[in-house]
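Q: I am new to this structure. Can you take me through its features one at a time?

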Amino acid sequence: MHEWALAEAVIATAKRAAHEQNLRRVTEITVKLGELQQIEREIFAFALEHILGQEDPLVRGAKVVFETERAQFRCRVCHFEWAFETENLSSEITEAIHFIPEIAHTYMRCPRCHSPDFEVIAGRGVWLAALKGEE
Ligand SMILES: [Zn+2]
């Protein structure tokens, strides 16, 4: 259960951050999701809500807001950087790349020098982006 482990990690981070910011109660947690992150958002949202409903009063009932980080690539040859949406790919391939980011290397080339040797510099991972609460 990948999503449940991620939800627990996000909440543990939120609690630590709340202590550091001297918050008595957290009211809102902003979670950033990479566009290429393999995650079932519905399960993840459900897991967060479920865990937050049972947590200690510091975070109990906090609202969760999701934000998406767009995917960004950098060519290892010419160092050109580009975003996912500038690529002209069919929706089928786009779906596949969203699901398995490694597939990108099969279908995509650097728009400037056409090298297939590039890295994903944004759009992966799940992390805590912001906290709101009462002091
Ligand atoms: Zn290049």
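A: Start with a helix on a sheet. Helix α1 lies across β1 and β6, and runs at about 40 degrees to β6. Helices (H or I, at least four residues) and strands (E, at least two) are DSSP runs, numbered from the N terminus. Axes are lines fitted to C-alpha atoms, for helices over the stretch in contact, and angles run from 0 to 180 degrees between N-to-C directions. This is a predicted model: local features need pLDDT of at least 70, side-chain atom pairs count only at pLDDT 80 or more, and totals for chains, interfaces and linings use all residues. Residues are numbered from 1 along each chain as its sequence is written.

Q: In what order do β2, β1 and β6 form their open sheet?
A: First, the pairing rule: two strands pair if DSSP finds at least two bridges between them. Here 3 strands form an open sheet in the order β2-β1-β6, and the pairing is mixed. β2 (63-69) and β6 stand at the edges, each with a single partner strand, so one side of each has no neighbour in the sheet. From one strand to the next, the twist averages 20 degrees.

Q: How many bridges join β1 to β6, and how many join β1 to β2?
A: β1 and β6 run antiparallel, joined by 8 bridges. Within that pair, Thr30 stands opposite Ala130 in β6. Arg25 has Glu134 of β6 as its bridge partner. On the other pairing, β1 and β2 run parallel, with 7 bridges. There, Leu33 has Thr68 of β2 as its bridge partner.

Q: Is Leu33 buried or exposed?
A: Count C-beta atoms, placed from the backbone, within 10 Å of the residue's own: 20 or more others means buried, 12 or fewer exposed, and in between partly exposed. Leu33 has 20 other C-beta atoms within 10 Å, so Leu33 is buried. Leu33 is part of strand β1.

Q: Which residues does Leu33 touch, not counting those up to four places away in sequence?
A: Two residues are in contact if their C-beta atoms, placed from the backbone, lie within 7 Å. Leu33 touches Ile39, Phe66, Thr68, Glu69 and Val126 on that count.

Q: What makes up the largest nonpolar core?
A: A nonpolar core is a set of buried Ala, Val, Leu, Ile, Met, Phe, Trp, Tyr and Cys residues joined through C-beta atoms within 7 Å. The largest one has 17 residues, and Ala7, Val10 and Ala14 have the most contacts inside it. Two or more residues come from each of α1 (2-20), β1 (25-34), α2 (41-54) and β6 (126-134). The most come from α1, which gives 5 residues. Take Val10: leaving aside neighbours within four places in sequence, Val10 is in contact with Val31, Leu48, Val126 and Leu128. Another core lies apart, with 7 residues, among them Phe73, Cys75, Phe84 and Cys110.

Q: What is the strand order in the antiparallel sheet?
A: This open sheet of 3 strands has the order β4-β3-β5, with antiparallel pairing. β4 (81-83) and β5 (118-122) are at the edges, each with a single partner strand, so one side of each is left without a neighbour in the sheet. Neighbouring strands are turned by 30 degrees against each other on average, direction ignored. Strand β3 (residues 72-75) is joined to β5 by 4 bridges.

Q: What is the phi of Asn22 and of His79?
A: Most residues other than glycine have a negative phi. Asn22 is not a glycine, yet its phi is positive, about 55 degrees. Asn22 lies in the loop between α1 and β1. With 8 C-beta neighbours inside 10 Å, Asn22 counts as exposed. His79, also not a glycine, has a positive phi of about 65 degrees. His79 sits in the loop between β3 and β4. His79 has 11 C-beta neighbours inside 10 Å and counts as exposed.

Q: Where are the domain bounds?
A: Such bounds come from an automatic or database domain assignment. That assignment gives domain 1 (2-69 + 123-134) and domain 2 (72-121). Their C-alpha centres lie 29 Å apart. Between them, 5 residues of domain 1 are in contact with 6 residues of domain 2.
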